[in-house]
Amino acid sequence: MQRSALPELSTFLLVAEHLSFRAAAERLELTAPAVSHAMRQLEARLGVRLLNRTTRSVSLTQAGFRLFERLRPAFDQISGSLEELNEERQRPVGRLRIWAAPIAPAIVIMPIWQRYLSAYPEVQLEIWADIGRVDIVASGFDAAIGTKDWALSDMIRVRVTGPIKCAVVGSPAYFAGLRPPRTPDDLASHNCIQYRLGAKGPIAKWGFERSGKTHQIAVAGRLTVNDPELALRAALDGIGIAYVPEDLPAPFLRAGQLVRVLERWPSATEGLFLFYHGHRQVPTALRAFIDMVRAPGTPGRSLKTPT
């Protein structure tokens, strides 16, 4: 059966349900003769008579009744699927998969995930934290959260944080007998917890600002990680000095478990962005997620990254 017969089959179902060309025509916004003609074409295509016609009535033949009984559940299933699709378009449902840089869950996702899941009980949220770029389509993700350079030219990019202020911290045990650094250059004489950008990526430099100028400092140390919480844990264990988002060590600073240094040298990263491929129809679950994590002041409409 060719696909072109599907409209005729749909029309046949209406005729069979109402046993009337006129009633079917009203539903389809056609004329009764047009419906009758479509049924003759269907019967010619199938090579079997489906309807008995008189000037006053329409009835099903045995073949027509058997076809009606088989088609009705199939078309009901199609109709149900289209209705479910329409409902999905109207409200967030299904699974939402987000690939995130290791820093992103604590800063972007954790503050809203309870509210998001409570607001949209039919959504299953999956978070995968890893470092480095990912082909989100090939990997089955809806979006990713990372630094601006992660986004490819054909992606939509949405800022989800402002610049992220960082803190340089170490434990009192580490600094026992050591002079804390007073300038970024003093880090050369300290064991710094290094941060590698990706499995084969470079070691990240530590950025500092003074007098309106940003200084990128290459540090050295015996431990390298790819997760800021690991760096923080290492600092708590007295292994060395860590450079982490300032919100992470805050409770340990208050408890005296960590000491902050180089406070006169502000440091910050550019911040994080959520990005996804620029499809015309954004899944409602993703749109709702973006609305919750979008950085304050970000325009309502996302712009593609510059090429």
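Which element gives the most to the lining of the largest pocket? Strand β12 does, with three residues. The structure is a predicted model, in which local features need pLDDT of at least 70, side-chain atom pairs count only at pLDDT 80 or more, and totals for chains, interfaces and linings use all residues. Residues are numbered from 1 along each chain as its sequence is written, and side-chain values use heavy atoms, with hydrogens and water left out.

**Overall architecture**

- The protein chain contains nine helices and 16 strands; helices (H or I, at least four residues) and strands (E, at least two) are DSSP runs numbered from the N terminus.
- Of the 307 residues of the chain, 41% count as buried, where buried means under 20% relative accessible area, exposed over 50%, and partly exposed in between (1.4 Å probe, protein chains only).
- Among contacts (heavy atoms within 4.5 Å) between residues at least 6 apart in sequence, 73% join residues at least 24 apart.

**Largest pocket**

- The largest pocket holds about 820 Å³ of space. A pocket is an open set of points on a 1 Å grid over the protein atoms alone, where a 1.4 Å probe fits, with protein on both sides within 12 Å along at least five of seven lines. Grid points are joined across faces, edges and corners, and the volume is the space filled by probe spheres set on the points.
- Its lining comprises 29 residues, of which Thr147, Tyr195, Leu197, Ala204 and Thr269 lie nearest the centre; a lining residue has an atom within 4 Å of a point.
- The elements that give two or more residues to this lining are β7 (164-170), β9 (206-210), β12 (242-245) and β14 (268-269).
- By class, the lining divides into 17 nonpolar, seven polar and five charged residues. Ala, Val, Leu, Ile, Met, Phe, Trp, Tyr, Cys and Pro count as nonpolar, Asp, Glu, Lys and Arg as charged, and the others, Gly among them, as polar.

- Thr147 is located in the loop between β5 (143-146) and β6, and it counts as partly exposed because its relative accessible area is 34%.
- Beyond neighbours within four places in sequence, Thr147 is in contact with Gly271, Leu272, Phe273 and Phe275. Thr147 and Glu270 are 123 residues apart in sequence, with 7.6 Å between their C-alpha atoms.
- Gly162 occupies the loop between β6 (155-159) and β7 and is partly exposed, with a relative accessible area of 33%.
- Not counting residues up to four places away in sequence, Gly162 touches Glu270, Gly271 and Ala295. The C-alpha atoms of Gly162 and Gly271 are 5.4 Å apart, across 109 residues of sequence.

**Strands β3 and β4**

- Strands β3 (residues 94-100) and β4 (residues 123-129) pair in the parallel sense over seven bridges; pairing requires that DSSP find at least two bridges between two strands.
- Gly94 stands opposite Val123 in β4.
- From β3 the chain crosses through helix α5 (residues 104-119) to β4 in a right-handed β-α-β crossover. Right-handed means that, with the strands pointing away from the viewer, the path from the first strand over the helix to the second runs clockwise.

**Helix α1**

- Phe12 is found in helix α1 (residues 6-18) and counts as buried because its relative accessibility is 0%.
- The C-alpha atoms of Phe12 and Met39 are separated by 6.7 Å.
- Thr11 also lies in α1 and is buried, at 9% relative accessibility; with the same exclusion of sequence neighbours, Thr11 touches Leu28, Val35 and Met39.
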